[in-house]
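This report covers a helix pair and the salt bridges of one structure. The sequence and model come first, then the notes.

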Amino acid sequence: MGSVFFFTSLNLLQRVLAVDSKNPRAMAIVFNAIAALIALLIFTVSGSFKDFALPTAPKAWIALLIASFCYAMFERGRFTAAKLLDALVLTTIVNISVLIAFIGSVFLYTEPLSSDKLLGGALIIGALFLVSFNNKTKKSSREGIIIATVISIMLGLAWLLDKLGAQYFNASTYNIFVWTIPIVFIYFPHIKIQEIISELKLASWKVFVLAGLNVIGYLMQLKAFEITEATRVIPIVQTSTLFTVLMGIVLLKEREHIPKKIIAGLMAVAGAYFLI
């Protein structure tokens with residue numbers, strides 16, 4: 001729930017502190033670099049360095065590299081998809097990632113599927129699709145749909161591997177790696193240093209605030225993976241999307257489709273109850 005709070009705050013502030021990036025890949029590098037520094041600061045200040053130890057199992061490093069690659073591909077494609085698709089269409093497609101992570105966790109971690117867990121997961125995932133569906137949306141770009149589908153699969157696979165990373169590394173150590181390594185994949189094959197500096201100047205203090213919220217929310221998610229099942233954590237964390245919608249009604253005066261948003265919110269709360 002702490003992760004939900006920080007991700008909800010992040011989603012709301014992203015709308016208020018929006019940055020009009022001229023080079024999305026350069027901005028992604030800036031964001032990840034600042035997030036990595038914040039993760040390192042938390043690692044140091046919290047004393048997590050005292051428990052620092054690197055795993056020797058090849059499986060741990062393979063999982064880390066695959067997750068980092070998947071996160072990087074998501075970052076590289078998300079802005080392109082956002083330009084080609086209506087926001088509601090993109091949000092609907094991205095929900096595929098939740099399904100991939102949830103179903104994949106059942107097989108990868110051999111986690112039991114009780115009736116309460118199935119009902120809770122179904123309610124939350126159903127609420128996500130309900131709140132993002134709009135039958136009045138204009139015809140969408142085929143290219144945009146393909147890109148959005150690919151990056152959603154990448155995001156789902158990354159989420160799926162996060163619990164494995166948190167088990168082999170500790171959450172704080174994995175948190176640093178997963179913000180740092182994707183920079184290599186985002187940067188490839190080349191971005192001019194001047195473009196990165198320009199994006200940093202354009203974003204100014206905003207990117208530090210957003211990166212900080214993202215790092216803390218993600219770290220709390222990793223810590224949740226350390227102590228409970230992924231099939232519980234993943235759907236509950238995704239309720240941040242629904243709480244963002246509900247808070248948007250009050251704080252940002254987003255009054256469209258209020259009954260549908262309220263029903264989705266109630267479904268999400270009920271789903272979280274069954275999962276907890």
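## A salt bridge within one helix

Glu-75 and Arg-78 lie three residues apart in helix α3 (residues 58–84), so about one helical turn separates them. Helices here are DSSP runs of H or I with at least four residues, numbered from the N terminus. The two side chains meet in a salt bridge, at 3.2 Å from N to O. A salt bridge is a side-chain nitrogen of Lys or Arg within 4 Å of a carboxyl oxygen of Asp or Glu.

Glu-75 is buried, at 15% relative accessible area, while Arg-78 is partly exposed, at 29%. Buried means under 20% relative accessible area, exposed over 50%, and partly exposed in between (1.4 Å probe, protein chains only).

## Basis of the values

The model is predicted: local features need pLDDT of at least 70 and side-chain atom pairs count only at pLDDT 80 or more, whereas totals for chains, interfaces and linings use all residues. Residues are numbered from 1 along each chain as its sequence is written, and side-chain values use heavy atoms, with hydrogens and water left out.

## The salt-bridge network

The structure holds three salt bridges. Lys-117, Glu-229 and Arg-232 are linked in a network of them. Lys-117 pairs with Glu-229, with the closest N and O atoms 2.4 Å apart. Lys-117 is in helix α6 and Glu-229 is in the loop between α11 (205–227) and α12 (230–237), so this pair ties together parts 112 residues apart in sequence. Glu-229 also meets Arg-232, at 3.2 Å from N to O.

Lys-117 is buried, with 1% relative accessible area. Glu-229 is partly exposed at 21%, and Arg-232 is partly exposed at 25%.

## Packing of α6 against α14

Helix α6 (residues 115–132) packs with helix α14 (residues 258–275) at an angle of about 160°, their axes 7 Å apart. Axes are lines fitted to C-alpha atoms, for helices over the stretch in contact, and angles run from 0 to 180 degrees between N-to-C directions. The two helices are therefore roughly antiparallel, a term for angles over 145 degrees.

Residues of α6 in contact with α14 include Lys-117, Leu-123 and Val-131; on the α14 side, Ile-263, Met-267 and Phe-274 are among them. Contact means heavy atoms within 4.5 Å. By class, the contact has 14 nonpolar, four polar and four charged residues. Ala, Val, Leu, Ile, Met, Phe, Trp, Tyr, Cys and Pro count as nonpolar, Asp, Glu, Lys and Arg as charged, and the others, Gly among them, as polar.

Definitions and conventions. Parallel < 35°, antiparallel > 145°, perpendicular 65-115°, else oblique.
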